[in-house]
Amino acid sequence: MASAPGRPESRASRAGGSSLWQLTLVRMREFVREPEAVFWTFVFPIVLALLLGFAFSGRSDQTVRVGVLSGPGADTIASALEVASALSVERMDSAGAAEALRRGRVALVVVAGERGATFRQDPTAPGAREARLLVNDALQRGSGRRDPVATAIDPVSEQGSRYIDFLIPGLIGLNLLSTGLWGVGYTVVRMREGRLLKRLMATPMRRWEFMASFLFGRLAFLAVEIAVILVFARLVFGVRVHGSVALVVVLGLLGAFVFTSFGLLVASRPRTTEGIAGLMNLVAVPMWLLCGVFFSYERFPEWTHGAIRALPLTPLIDGLRAVINEGATAVETATAIGALGAWGLAAFGAALLLFRWR
């Protein structure tokens with residue numbers, strides 16, 4: 001019986017899966033022929049790691065900028081604060097103080113009063129509490145306070161405990177998310193927009209082969225992608241993989257499977273690049289902000305932690321950090337592996353059901 005017209009998924013594929021192999025080769029050739037794709041996959045994570053690594057690793061004792069409002073008693077307060085090496089003090093008038101706070105140039109403004117000092121600041125701003133404690137400590141010392149207990153700082157520089165060690169697994173996860181969504185989503189929608197998908201309907205290729213070719217084409221470069229980031233981090237910042245490199249690759253494979261499947265899912269229906277851009281941002285931006293790429297998600301209120309852990313980027317980054325920084329085993333990362341596998345299968349299955357050629 002002849003197969004139904006316009007239903008390539010119902011037609012017999014070529015013997016030995018040659019259709020899938022040829023499609024995968026096409027995806028790989030498309031990738032290497034696009035300088036933008038190569039840049040965002042291999043070069044951009046290195047640039048980001050370099051900038052953030054030097055920004056947070058090279059300046060361990062940053063000064064906090066504070067303002068002192070001009071007026072009676074301002075000179076006494078400014079003199080007490082200038083003794084503290086952690087503070088950078090600037091005298092300013094009322095208008096200048098308001099503008100400095102509004103623009104974030106200073107963390108707080110100290111206003112001298114008859115019975116002490118008032119701190120003018122936004123208590124919810126980043127670093128607000130640190131600035132308040134530093135200024136208060138300097139003022140108390142300037143008034144003659146003596147600490148009965150001597151304290152000192154023992155800086156932590158052990159590999160695996162630094163911010164750069166925390167950052168690198170997050171950048172790997174972020175790169176897998178970005179290249180999976182944007183690299184696949186835009187490509188599929190451009191093919192639909194240019195009516196290329198409509199032409200592919202006339203071939204004996206089946207739908208799952210077309211979609212799987214994106215997955216295999218993405219996985220073909222994964223080992224190199226992860227290796228480039230880890231080798232760079234090792235040579236420049238001394239970041240060492242404490243666990244199994246093979247387990248890092250397994251987590252990377254699962255992460256690529258998940259986010260390539262998400263890219264296929266969000267591209268299954270949109271007809272324009274403008275439409276796919278909105279959907280990809282809807283998927284990606286919450287995970288960029290919540291899943292612990294640049295800072296721990298535990299900083300968010302505790303009641304949000306369950307929902308954040310349920311997002312697919314969270315188990316990927318948590319698993320990578322556990323293996324790279326703590327030497328976790330496959331058993332210890334089984335929960336993350338299971339969660340990624342479930343997300344990948346669910347997203348790819350949904351993409352198969354929702355995908356339309358036109």
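Which residues in α9 meet which residues in α10? Leu 222, Ile 226 and Leu 230 in α9 meet Val 248, Val 249, Gly 252, Leu 253 and Ala 256 in α10, where contact means heavy atoms within 4.5 Å. By class, that contact has seven nonpolar residues, one polar and no charged; Ala, Val, Leu, Ile, Met, Phe, Trp, Tyr, Cys and Pro count as nonpolar, Asp, Glu, Lys and Arg as charged, and the others, Gly among them, as polar.

A word on the source: this is a predicted model, with local features needing pLDDT of at least 70 and side-chain atom pairs pLDDT 80 or more, while totals for chains, interfaces and linings use all residues. Residues are numbered from 1 along each chain as its sequence is written, and side-chain values use heavy atoms, leaving out hydrogens and water.

Back to the pair. The axes of α9 (residues 222-237) and α10 (residues 245-266) come within 10 Å and cross at roughly 125 degrees; axes are lines fitted to C-alpha atoms over the stretch in contact, with angles from 0 to 180 degrees between N-to-C directions.

Next, Arg 192, in helix α6 (residues 163-193). Arg 192 counts as buried because its relative accessibility is 6%, the cut-off being under 20% with a 1.4 Å probe, protein chains only. Its side chain reaches the backbone oxygen of Ala 267 at 2.9 Å.

Overall, buried residues make up 41% of the 358. The protein has 14 helices and four strands, taken as DSSP runs (H or I, at least four residues; E, at least two).

Notes
Buried < 20%, exposed > 50% of the residue type's maximum accessible area, 1.4 Å probe, protein only. Polar contact = N/O pair within 3.5 Å; in protein donor to acceptor, adjacent residues only side chain to side chain.
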